[in-house]
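Please look over the model shown here before reading on. The questions and answers below go through its parts in turn.

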Amino acid sequence: MEEKEIVRTNTNHPADTNGDGKVSKEEHNMYLEFKRKELEDNDAMRDAQRRMAWFAMFGMLLYPFAVVLASVSGVDQAAQILGDMAATYFVSVAAIVAAFFGTQAYANK
């Protein structure tokens with residue numbers, strides 16, 4: 001015969017959803033599923049942040065080539081506009097990358 005209760009608790013256990021002080025198999029399975037989903041979501045969030053940071057860093061590296069390419073191709077107005085936007089672009093992208101690495105360093109401590 002399968003036992004319905006797993007744990008009797010005097011304190012509020014996170015898996016005890018109905019508050020009766022007992023964690024049943026169903027509550028335990030539901031709690032494990034919730035924790036598994038939470039870990040998957042956190043992993044997906046970290047992957048998305050990592051891709052965003054790498055995309056931003058590659059953009060910082062490729063931006064000067066866009067200015068040179070516009071200048072070489074004879075579109076001097078575009079090269080001028082790209083050059084004028086460079087300061088704002090680099091500060092913004094550097095802030096994104098710094099925020100990513102800062103949160104990673106903080107989370108690892």
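A salt bridge is a side-chain nitrogen of Lys or Arg within 4 Å of a carboxyl oxygen of Asp or Glu. This is a predicted model, in which local features need pLDDT of at least 70, side-chain atom pairs count only at pLDDT 80 or more, and totals for chains, interfaces and linings use all residues. Residues are numbered from 1 along each chain as its sequence is written, and side-chain values use heavy atoms, with hydrogens and water left out.

Q: What is the mean pLDDT of the protein?
A: pLDDT is the predictor's confidence in each residue, from 0 to 100. In this protein, 90% of the residues reach 70 or more. The mean pLDDT is 82.

Q: In which element is confidence lowest?
A: Helices (H or I, at least four residues) and strands (E, at least two) are DSSP runs, numbered from the N terminus. Confidence is highest in α1, at a mean of 87. Where pLDDT is low, the predicted coordinates should not be read in detail. The lowest confidence, at a mean of 57, is in β1.

Q: How far apart are the closest N and O atoms of R36 and E33?
A: Side chains of opposite charge can pair when their charged atoms come close. R36 and E33 both lie in helix α1, 3 residues apart, which is about one turn of the helix. They form a salt bridge, and their closest N and O atoms are apart by 2.5 Å.

Q: Are R36 and E33 buried, exposed or partly exposed?
A: Buried means under 20% relative accessible area, exposed over 50%, and partly exposed in between (1.4 Å probe, protein chains only). R36 has a relative accessibility of 37%, and E33 has 35%. Therefore R36 counts as partly exposed, and E33 also counts as partly exposed.

Q: Which residues are linked with R36 in a network of salt bridges?
A: The structure holds 5 salt bridges. One of them joins R36 to E33. The network that includes R36 links it with E33 and E40.

Q: With which residue does K35 form a salt bridge?
A: K35 is partly exposed, with a relative accessible area of 35%. The closest N and O atoms are 3.2 Å apart, and the partner is E38.

Q: What is the N to O value for the salt bridge of D43 and R46?
A: D43 and R46 are separated by about one helical turn, because they are 3 residues apart in helix α1. D43 is partly exposed at 37% relative accessibility, and R46 is partly exposed at 34%. Their side chains meet in a salt bridge, N to O, at 3.6 Å.

Q: How many aromatic pairs are there?
A: Rings of Phe, Tyr and Trp (its six-membered ring) pair if their centres lie within 6.5 Å; planes under 30 degrees apart count as stacked, over 60 as edge-to-face and the rest as tilted. By this rule, the number of aromatic pairs is 5.

Q: What kind of aromatic pair do W54 and F58 form?
A: Their rings are 6.0 Å apart, centre to centre, with 35° between the planes. W54 and F58 are 4 residues apart in helix α1 (residues 25–72), so they are separated by about one helical turn. The pair is tilted.

Q: What kind of aromatic pair do Y89 and F90 form?
A: Their ring centres are 5.7 Å apart. The angle between the planes is 75°, and the pair is edge-to-face.

Q: Where does α2 bend?
A: The bend at a residue is the angle between axes fitted to the seven residues ending there and the seven starting there. The buried residues of α2 are A79, A86, V93, V97 and F100. α2 bends by about 45° at A86.

Q: Is D16 buried or exposed?
A: D16 is found in the loop between β1 (5–8) and β2 (22–24). Contact means heavy atoms within 4.5 Å, and, leaving aside neighbours within four places in sequence, D16 is in contact with G21, K22, V23 and E27. With a relative accessible area of 7%, D16 is buried.
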